Amino acid sequence: MNNDTLVSALHDVLGERILGLSTALGQVTVEISADCHHVVCERLRDDPRLGFEVMIDLCGIDYSTYGNTEWDAPRFAVVMQLLSIQHNIRMRLRSFCMDDESPVIESVTDLWPCANWFEREAFDFVVVQNFVFVQTVGNHVIQLAGNIDARAVGQVAAVGKAHA
């Protein structure tokens, strides 16, 4: 697969969920809103035209001091590097959190278990008091948020300072 084939498949599979799409340094970057982050990730992984079965990296970015000009877009984003072994291609996915005061994005640990560590690192080091990763386990919602106080409650971890 080459970048042109990838771009075509991305448009077919994701359609209007794509807010932006670019190619730089030989790699395709897709920009989406955080509200469809999990659905898009699931499609990127499960659709046979894409097959991004490996999440290589995930980081959180605070764009408030990006460049030398005023940033006039959502402040926080989660950026993921994905690999399709079957198609031998990589891509970047950037999900912008639309609420700068309380940026929330759904966890993808159910899709790529390795995301657990990366999400914790993004939370700990990039936007310590701001990022919230949300994961649903059964009927319980778990949020990794600022000033956490994690406790074991049966098989579900309860996390303090939950955001509504």
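## Core and helix packing in a predicted model

Residue F123 is part of helix α3; helices here are DSSP runs of H or I with at least four residues, strands are runs of E with at least two, and both are numbered from the N terminus. This is a predicted model, in which local features need pLDDT of at least 70, side-chain atom pairs count only at pLDDT 80 or more, and totals for chains, interfaces and linings use all residues. Residues are numbered from 1 along each chain as its sequence is written, and side-chain values use heavy atoms, with hydrogens and water left out.

F123 counts as buried because its relative accessibility is 5%; buried means under 20% relative accessible area, exposed over 50%, and partly exposed in between, with a 1.4 Å probe and protein chains only. The C-alpha atoms of F123 and C59 lie 8.8 Å apart, although 64 residues separate the two in sequence.

The chain contains three helices and ten strands, in the order α-β-β-α-β-β-β-β-α-β-β-β-β from the N terminus. Of its 164 residues, 43% are buried. Among contacts (heavy atoms within 4.5 Å) with a separation of 6 or more, 55% join residues 24 or more positions apart.

The largest nonpolar core has 34 residues, and L10, V30, L44, M80, M91 and L93 have the most contacts inside it. Such a core is a set of buried Ala, Val, Leu, Ile, Met, Phe, Trp, Tyr and Cys residues joined through side-chain atoms within 4.5 Å.

Apart from neighbours within four places in sequence, L44 is in contact with L10, L14, L50, G51, F52, L82, M91 and L93.

Helices α1 and α2 pack at about 130°, and their axes are 11 Å apart. Axes are lines fitted to C-alpha atoms, for helices over the stretch in contact, and angles run from 0 to 180 degrees between N-to-C directions. The two helices are therefore oblique to each other (under 35 degrees is roughly parallel, over 145 roughly antiparallel, 65 to 115 roughly perpendicular, and the rest oblique). At this contact, L10, V13 and L14 of α1 meet V40, R43 and L44 of α2. These residues divide into five nonpolar, no polar and one charged, where Ala, Val, Leu, Ile, Met, Phe, Trp, Tyr, Cys and Pro count as nonpolar, Asp, Glu, Lys and Arg as charged, and the others, Gly among them, as polar.
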